[in-house]
Amino acid sequence: MAIDIYKINPEFRDIMPKEIIDLEENATWAQNQKKPRGIKEMPDTKEILEEHSLCAGCPEAAALRYVLAALPKPEETIIVNSTGCTSLMFPHIALHTVHSLFGNQNAVATGIKRVLDWRFPDIEKDVVVLAGDGATVDIGLDYTLQSFFRQENITTICFDNEVYANTGGQESGATPKGQVFKMAPTGKKFEKVKMWELATTAGCHYTMNMTASAPKAVAKAVREAILVAREIGPTFLNIYTPCILEIGLSANEGLGEMKDQDKDRFASYKFVSPEAEEFLKKCKEEGKL
Amino acid sequence: MANQGPAYYSPYPTALYEGVSTPVEGKAILLDKEVDEETAMREIAKQMLTKENATIFPGPQVLYSYSDEARKKAALIKEMAEVLNAKMIPMYDYRPKYPKIDAEIEINPNHPNLTIWHNDIKAAIFIGVHCHYANVALKMVRCETDCYTIAMCALSGHEDAMATIRDQHASDLEQFIKIAREVKAELKL
Ligand SMILES: Cc1ncc(C[n+]2csc(CCOP(=O)(O)OP(=O)(O)O)c2C)c(N)n1
Ligand code: SF4
Ligand SMILES: [Mg+2]
């Protein structure tokens, strides 16, 4: 069982640091929970992400904590990441994660998911892609859309900060028109690509565009998207996690920026296919949500 | 540091480019010599029993209770530590540490400042450490310290350790413990 990789052999208990013992005893592994996991346990349970090296106050870090808290079965989940600021957090996650070559994340996730289904036919294994907007909307667009066309059973989450943050501020397809960055001094010439609409058109069964301003809403979307991906087909979440550094905000201003954008570029968009809707209704009745 | 040619693509001199490779099945390597397993086990026991601050670094493949083999090995490693009078420092996962690692209490191959306890550990056994991390860590330790490193590997061994034995399963650890007891008696320890 995958959960066993967190169980410490008794001979070594006395030499293990507290954080590792806590991970075994006090993290919300699905197997130990009667109710679905969620963000309400965050204050008093051991989190799967201990620490990170992002800029202080970066909303990506908060959003990733919500995502991790909402995974239906973390011990059976593999997260595929791509290069970018998110990848600064990935080495700190106490789950199996795979860092794929920039842009290749949905192709890599496809392979992993197919092999897992073949290798463990009786266990539900969730494969979740988490990548930035540069990786999703620009350089990995081909692989991302192709995985939707092929109806792969994976969840794709884009942390859309509307910029190539990790390389110092170049415009991406997700940057809004007119935006000026350090390395895009003349301003973006065309409109923000509506990746969520492309995802729906390309065959996703559950698509959302949202900000990470409301933790509960993020957690609900993550849980629903993963359950739908397991049973029905590809799902896509586009979540605004502003790069406070590149747009000149201070560490405590990220939340305000997300709240402002809840009414503007990230005004809620939600698409659920009829099959997915039916399935989610069933999940609710069975207490999986 | 980098000079020229393939050997210098690595910032550290690696054993492979000095002509040392992993042992063939049934054999072990001591420094650059191929020897039989029992000879290697005797030397490993001697090094661990006589060098300062001898330490066993158990890795995830033995620390966690995910298979019968891992559970058996855990009990044997504990026994091995007692026989060798060795300390144990767990290499429980490979996540890098922020803001910085405390080299006093842990080693982590993601940190290039790895020196194992400021070079106070003079003999060390790596066991249950995943190959790719053992490879990196053993190269660093080899280059930056005078620690006698020992790889007790369940697969094909590590040429960058001073001593490497391969295919080490629970029954082989039992054999090693038996030999270590004998060496301990011979050394009157
Ligand atoms: C194949 C490849 N091309 C380019 C890069 C350089 N690169 C590293 S991070 C990055 C930008 C990441 O932007 P995004 O996906 O939006 O993530 P963010 O840093 O904004 O979270 C780029 C272009 C790379 N690492 N690999
Ligand atoms: S550069 Fe931007 S996205 Fe990256 S960690 Fe800093 S605030 Fe976050
Ligand atoms: Mg970005």
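Contact here means heavy atoms within 4.5 Å. In this predicted model, 66% of the contacts in chain B between residues at least 6 apart in sequence join residues at least 24 apart. The model is predicted, with local features needing pLDDT of at least 70 and side-chain atom pairs counting only at pLDDT 80 or more, while totals for chains, interfaces and linings use all residues. Residues are numbered from 1 along each chain as its sequence is written, chains are lettered from A and ligands numbered from 1 in the order in which they are written, and side-chain values use heavy atoms, with hydrogens and water left out.

**Chain B**

- Chain B has six helices and seven strands, where helices (H or I, at least four residues) and strands (E, at least two) are DSSP runs numbered from the N terminus.
- The order of elements in chain B, from the N terminus on, is β-β-α-β-α-α-β-α-β-α-β-β-α.
- Of the 189 residues in chain B, 53% are buried; buried means under 20% relative accessible area, exposed over 50% and partly exposed in between, with a 1.4 Å probe and protein chains only.

**Nonpolar cores**

- A nonpolar core is a set of buried Ala, Val, Leu, Ile, Met, Phe, Trp, Tyr and Cys residues joined through side-chain atoms within 4.5 Å.
- The largest such core has 58 residues, of which Leu68(A), Leu95(A), Ile157(A), Tyr206(A) and Leu237(A) touch the most other members.
- At least two residues of this core come from each of α2 (59-70), β3 (126-132), β4 (155-160), β5 (206-211), α7 (215-231), β6 (235-240) and α9 (274-285) of chain A.
- Val35(B), Ala40(B), Met152(B) and Val183(B) are among the 45 residues of a second, separate core.
- Beyond its neighbours within four places in sequence, Leu95(A) contacts Tyr6(A), Trp29(A), Ile48(A), Leu68(A), Leu71(A), Pro74(A) and Ile79(A).

**Largest pocket**

- The largest pocket holds about 840 Å³ of space.
- On a 1 Å grid over the protein atoms alone, a pocket is an open set of points with protein on both sides within 12 Å along at least five of seven lines, a cavity is a set where a 1.4 Å probe fits but cannot get out, and lining residues have an atom within 4 Å of a point.
- Grid points are joined across faces, edges and corners, and a volume is the space filled by probe spheres set on the points.
- The pocket is lined by 27 residues, and those closest to its centre are Leu95(A), His96(A), Asp93(B), Tyr94(B) and His130(B).
- Two or more lining residues are given by each of α1 (18-26) and β2 (96-99) of chain A and α2 (60-63) and α5 (131-144) of chain B.

**Cavities**

- There are five cavities of 30 Å³ or more in the structure.
- The largest cavity has a volume of about 110 Å³, and of its 13 lining residues Arg37(A), Met42(A), Glu47(A), Ile48(A) and Ala69(A) are closest to its centre.
- The second largest cavity has a volume of about 40 Å³, and α7(A) supplies the largest share of its lining, three residues.

**Magnesium site**

- Asp133(A) (OD), Asn161(A) (OD1) and Val163(A) (O) coordinate the magnesium ion (ligand 3) at 2.0 to 2.1 Å.
- Donors are N, O and S atoms within 2.8 Å of the metal (3.2 Å for Na, K and Ca), and sites may look incomplete because water is not among the atoms.
- The spacing of the donor residues in sequence is D-x27-N-x1-V.
- Asp133(A) lies in helix α4 (residues 133-139) and Val163(A) in the loop between β4 and α6 (195-202) of chain A, so the pair ties together parts 30 residues apart in sequence.
- Both Asp133(A) and Val163(A) are buried.
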